[in-house]
Amino acid sequence: KVDKMASLYNIHVRTGCFCNTGACQMHLGISNEDIQRNLQAGHVCGDGIDLVDGHPTGSVRISFGYMSSFEDAQTFLKFIIATRLSKSDTENAFQSSVTKQMRESVPDDCPSFNNVDKSSPILHISDRELRKNSSATMTTGSWQPPEAEAESMRAAVSETAVPTCRRGGKPITVTNIYLYPIKSCSAFEVTEWPVGNQGLLYDRNWMVVNQNGVCMTQKQEPRLCLVNPSIDLEQNIMVIQAEGMDPISVSLEENTGKEAVICESKVCSHRVKTYDCGEGIAGWFSLFLGRPCRLIRQSSDVKNRLHQKNIKGLAAATNISLSLVNEAQYLLINVASILELKEHISARLEEPLEIDELIRRFRANIVISAPESFEEEEWAEISIGALQFQVVGPCSRCQIICIDQQSGERNKEFLQSLSAARGRKTNFGIYLMNQPFHSSFPDILSVGSEVLPVLKENPEIQPPTSSEEKCSG
């Protein structure tokens with residue numbers, strides 16, 4: 001999380017064990033038994049699990065060399081003061097109401113907090129403790145990881161759990177559906193849409209790459225959000241529009257002929273087979289973005305990539321595959337959670353925010369209206385109409401939420417506000433995987449459909465996530 005926030009200030013730090021696990025174990029006082037427990041809890045090299053049972057799994061290193069200046073050191077100190085040590089005067093009620101719980105949650109013997117000013121915000125706090133209405137039934141005891149042969153925590157769903165409707169049976173419904181035909185480009189909003197093997201049909205089937213075939217996202221090219229793709233199922237085309245440019249269309253039929261240029265590209269370190277969409281569309285994007293680039297599409301004539309980390313907890317029979325998404329087939333957010341965050345960010349910015357603007361910043365596929373904010377983080381499974389989904393885990397946000405999806409302008413305050421509002425975490429929204437073997441009905445996702453959640457067996461346990469950027473670009 002420190003690394004992610006540092007990137008907002010154009011600061012590069014190194015985090016983890018620096019490829020020296022022995023030294024890490026020695027300096028952090030991690031025993032062999034601790035290593036084994038951490039592995040059973042899902043912690044592996046390169047992931048984003050900073051703490052296990054309140055103890056650090058790595059450290060943060062800032063390095064200075066021959067070309068470093070005094071100003072560089074001051075820049076780093078200002079970053080630490082602005083994001084890690086200062087206590088905002090605009091903290092909202094739901095954060096201040098759990099201040100006492102936050103302080104008590106830090107172990108006295110945890111070396112990372114021995115010298116921390118007790119009046120400063122504490123970094124170690126679970127998502128559960130940040131609920132607006134903290135429940136008296138919360139447990140504070142240490143969780144012991146499951147045995148090695150037990151199923152992944154992603155599959156820790158009680159077989160006896162039943163769907164719940166909160167607050168007197170008030171229904172939870174789908175309010176918006178978005179797909180993103182071209183990765184990191186603008187959303188295409190629909191009221192109902194077919195569901196395919198990889199998620200919403202045509203969601204993130206295309207992406208823009210640079211001259212080296214590397215995927216371009218809004219982190220490198222914010223103007224991608226100004227490209228508006230839409231799918232016309234009747235005419236079987238994707239229409240691409242942008243201000244100052246003539247519309248251009250791309251056929252939805254896959255180009256499997258000999259003229260197609262098959263290439264291998266990378267999406268978040270995963271290699272995918274793709275084919276080039278031609279010189280015409282490449283020229284269109286190069287002109288609009290002002291740099292050489294091409295549009296490519298994922299090829300379906302080869303075996304689709306599987307994300308083993310995500311599907312570990314799902315039954316092998318599902319054979320789930322991914323499109324050009326980063327982490328999972330679907331991303332879901334809750335309007336109630338957006339509203340709570342909106343109040344916090346508006347107070348820090350000292351200006352009102354539109355709810356639609358915030359929703360678009362979080363680039364979800366499914367937006368729901370649930371009675372309680374952040375209750376979606378306690379769900380293990382959900383059904384929407386006839387469709388069944390398993391919750392893979394929380395979405396750890398990156399700097400893309402700092403980009404206004406209507407103008408392409410950056411404002412790092414959004415990620416900082418999310419981190420401050422959520423106890424220094426940047427989780428917002430949950431990832432879903434579809435379980436098609438449960439459904440014998442036509443696979444259509446519709447606005448207005450009722451959402452029936454199944455609670456986790458142990459809501460205190462959060463599934464682990466990797467260190468890769470989680471925002472679905």
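1. Let's start with helix H8, whose buried residues are Ile281, Ala282, Trp284, Phe285, Phe288 and Leu289. Viewed down the axis of H8, these buried residues fall within an arc of 160 degrees, so they line one face of the helix. On the other side of H8 you will find Glu279, Gly280 and Leu287, which are exposed. One thing to keep in mind as you read on: this is a predicted model.

2. What do the buried residues of H8 pack against? Their partners are four strands: S9 (206-209), S11 (237-241), S12 (248-251) and S15 (294-298). Just after H8 comes glycine 290, with a positive phi of about 75 degrees.

3. As general background, nonpolar side chains tend to be buried together in soluble globular proteins.

4. Phenylalanine 285 deserves a look of its own. Not counting residues up to four places away in sequence, Phe285 touches Ile182, Val208, Val227, Ile240, Gly290, Cys293 and Leu295.

5. Phenylalanine 362 sits in the loop between helix H11 (355-361) and strand S17. Is Phe362 buried or exposed? With a relative accessible area of 2%, Phe362 is buried, the cut-off for that class being under 20%. Leaving out residues up to four places away in sequence, Phe362 touches Leu331, Ile333, Ile338, Leu341, Arg397, Ile401, Leu418 and Phe428. If you like a distance to check, the C-alpha atoms of Phe362 and isoleucine 400 are separated by 8.1 Å, with the two residues 38 apart along the chain.

6. Strand S5 (residues 172-179) is mostly covered, with 6 of its 8 residues buried. Which strands does S5 pair with? S17 (residues 366-369) is joined to S5 by 4 bridges, running antiparallel, and here isoleucine 177 stands opposite isoleucine 366. Strand S6 (residues 188-190) pairs with S5 over 3 bridges, again in the antiparallel sense, with tyrosine 178 opposite glutamate 189. Strand S22 (residues 450-455) is joined to S5 by 2 bridges, also antiparallel, and threonine 173 stands opposite glutamate 450 there. In general, strands of a sheet pair through backbone hydrogen bonds, either parallel or antiparallel.

7. A separate item on strands: an open sheet is formed by 3 strands in the order S8-S7-S21, with antiparallel pairing. Its edge strands are S8 (199-200) and S21 (444-446), each of which pairs on one side only. Strand S7 (residues 192-196) and S21 pair over 3 bridges, and the bridge partner of proline 194 in S21 is isoleucine 444.

8. Serine 419 lies in helix H12 (residues 413-421). At 3% relative accessibility, Ser419 counts as buried. Setting aside its neighbours within four places in sequence, Ser419 is in contact with Met5, Arg84, Arg424, Lys425 and Thr426.

9. Most residues other than glycine have a negative phi. Aspartate 53, however, has a positive phi near 55 degrees; this residue is found in the loop between strand S2 (51-52) and strand S3 (55-56), and is partly exposed, with a relative accessible area of 35%. Asparagine 236 likewise has a positive phi, of about 60 degrees, although it is not a glycine. Its place is in the loop between strand S10 (228-232) and S11, and Asn236 is partly exposed at a relative accessible area of 23%.

Conventions
Residues numbered from 1 in each chain as written. Predicted model: local features only at pLDDT ≥ 70, side-chain atom pairs only at ≥ 80, totals over all residues. Heavy atoms only, no water. Contact = heavy atoms within 4.5 Å. Buried < 20%, exposed > 50% of the residue type's maximum accessible area, 1.4 Å probe, protein only. Pairing = 2+ DSSP bridges. Arc of directions from axis to C-beta.
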